[in-house]
Amino acid sequence: MMDVLSSLDITFFLLTALGALVGIIFGAIPGMTATMAVAVCLPLTYALGLEHGLALLLGLYVGGISGGMVPAVLLNIPGTPSSITTTFDGYPMAQRGEGERALRICIVASLVGGLISAVVLFWFAPMLAEFSIKFSYVEKFLIILLALSVIASMSSNMLVGLFSGAIGIWLSLIGTYSLSDGGNGKTRLMFDVMEPYLFEGFSLLPVLIGIFGISTVLIEAERGISGGLKGTNVEVSKEKRFSLSVFKGGITNLVRSSFIGTFVGMLPGVGGSAASVLAYTQEKNLSRDSSQMGKGAPQGLIASESSNNALTGGALIPLLSLGIPGDSTTAVLIGAFTLQGIQVGPLFIPENQDTWYVMMAALVFANFVMFFLMFYAIKHIAKVVLVPKYILFPIIVMMCVIGAYAINYGIMFDVWTLLIFGIIGYIIQKIGLEVAPLIIGFILGGSAEVYFVKSLESFGTYSIFFTKSPIAVVLWGLIAASIALSAFIGFKSRKRGMRNVS
Amino acid sequence: MESGTTSPLSVSIDFQTSHLFFPHIINWTIGLLFVLVLVFRVVPFLKKVKRGESALPFIGESMDGFRFVGTLVLLVAYFYLMSVVGDYFPYTGYGFLFTSIGFLFLMSLLYMHTRTKRKIIVAGINALLAPALAWVVFAKLFYITLP
């Protein structure tokens, strides 16, 4: 491991830092997320080697998740969905003139959350990979089914989540049933005229860039592109100085929230807002004195920011050990990894020890870079919130085009895919379908088909999915549990809704 | 495709039509889920709309039609012209460079709420610099194919 780390060059660290900086900027601008940062900056990695590409991507990921705290504290607008709970206590503190103190509490909490989740990732991912290496196609199919049912049950409505997931799978099946996967090479779900364009289906990355980049622009355009925050005060006030003593008595909170974040991150498709809301409510329920929470209590910031940064390590666990993305950002990462020739799955860590260590180094380093950049340069970074959207959005579209066009070495249809999925993503969000299950369905649909059909071809009976191994039975139990839990929560909230009406 | 020879759960897949097996199942799943969504979500939602508690998406909402349609038109024109111009100068990336300059400027103008001279100049400089920088970095430095 040491020789791997000593082989890292200065470019590696510079790229991680660049990634973190760009990520923070994306995260800090409301309406732009870490997912978008990774999607938009993808073309930069095309020309980089594996190690450098990873450095940039992980820097973007960590920076993007962290940046959301800036407008959350200063303007009461969550920069990313996961910093929603940061506004509860951050904004009241900023109004009291403790903006800098609030931000620095957030930054330290973010660092701890990120590092704890990195440690969990480092220990747990290889274990999970080793365990899942013995999985046959039957168990692999069930894992995908479990992932989809968890995503669906975490959606605001399970039925809608399942429906969105199924549409995602359907979209992934367009094109040929690939010969290299043991299929017969025939095309389906399309007309013959589309064959020259869609023989291999829609490419993953243009689809993702379209859904996360173009549809965001369309939605903002429909709302008339807010005139920006010009004139808003983003001065970082510092009437009360930050000191580490604020964490005294908050260590339990810090560690608990970090673990909650890591765990929620592991669940596929569950966004960051779930992690921070869960950690925040836990702190509210469990702390000795929660009376100040919501009025500007540091403990709320600690819970929120440590949990949302802990997502990063957590979401990478299922990605690297099972090949299943833990959130929408890792969904884009899966595409970027494929591009670098990395096939994520149970074999990834054992067969690519060096790459694995490089990734860990990049992740840990990105957390420290994020910390130093934000801790000492926060005053300057806070100003990017003011960059007007009429400058920003055209640049984003341009970067999306480069990313889509260059991905398969210059195919114009990939650029049109951007537009198609930009519009699909827009419609999906308008009619209330869920993006995360759809994306995960799209990514996993192809493998789900291969695992499912090959299992049936070799065993010749549907019952094999229940009788193959004890693991299969356990997986069915988990699937049932996730559906039952979601039905239970839905029932409870409906009952509460009824009570509120009466 | 399916034959119940030994037990109701047994199945044999014909290789010639195996590409349709899984899509077939997904089609039925989507159909079933669609009916469920219709019954449990869409119908209650429409009732709410009737009572005036919610608004229909697209039709019932206020939207900035000018900017939305403008964005779509600009995107289509941008993507289309990019390949047309690109064909005149193959393997140079000029198609990308020239159309991007126009696109960035027009989109900036579209999104501006008040068009002052200063803002337009800033947008113009941005429209020239950003594509030029991207072109130099990607096409010249990294040798990435651009239209």
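The model is a predicted one, in which local features need pLDDT of at least 70 and side-chain atom pairs count only at pLDDT 80 or more, while totals for chains, interfaces and linings use all residues. Residues are numbered from 1 along each chain as its sequence is written, and chains are lettered from A and ligands numbered from 1 in the order in which they are written.

Along the principal axes, the C-alpha atoms of chain A fill a box of roughly 70 × 60 × 50 Å. Of its 502 residues, 61% count as buried; a residue is buried if 20 or more other C-beta atoms, placed from the backbone, lie within 10 Å of its own, exposed if 12 or fewer, and partly exposed in between.

At 1.5 Å a residue, its 18 residues should span 26 Å, and the end C-alpha atoms are 26 Å apart, which agrees; the expected span is 1.5 Å times one less than the number of residues. Because 17 of the 18 residues of α8(A) are buried, this helix is largely enclosed by the rest of the structure. Another helix of chain A, α11, holds A:V207, which counts as buried because it has 28 C-beta neighbours inside 10 Å. A:V207 and A:A404 are 197 residues apart in sequence, yet their C-alpha atoms are 8.6 Å apart in space. Leaving aside residues up to four places away in sequence, A:V207 touches A:F202, A:T417, A:F421 and A:F442, a contact being a pair of C-beta atoms, placed from the backbone, within 7 Å.

A compact globule of 147 residues would have a radius of gyration near 15 Å, but chain B has 26 Å, and its C-alpha atoms fill a box of roughly 75 × 50 × 20 Å along the principal axes. Buried residues account for 24% of the 147 in chain B. The chain is divided into domain 1 (1–62) and domain 2 (65–141), with bounds from an automatic or database domain assignment, and the C-alpha centres of these domains lie 41 Å apart.

Where the chains meet, 54 residues of chain A are in contact with 53 residues of chain B. Elements giving two or more residues to this side of chain A include α3 (34–46), α9 (158–173) and α18 (389–407). The largest share, ten residues, comes from α18(A). By class, this side of chain A has 37 nonpolar, nine polar and eight charged residues; Ala, Val, Leu, Ile, Met, Phe, Trp, Tyr, Cys and Pro count as nonpolar, Asp, Glu, Lys and Arg as charged, and the others, Gly among them, as polar.

Key: Helix = DSSP H or I, 4+ residues; strand = E, 2+ residues; numbered from the N terminus. Contact = placed C-beta atoms within 7 Å. Rg over C-alpha atoms; globule rule 2.2 N^0.38 Å.
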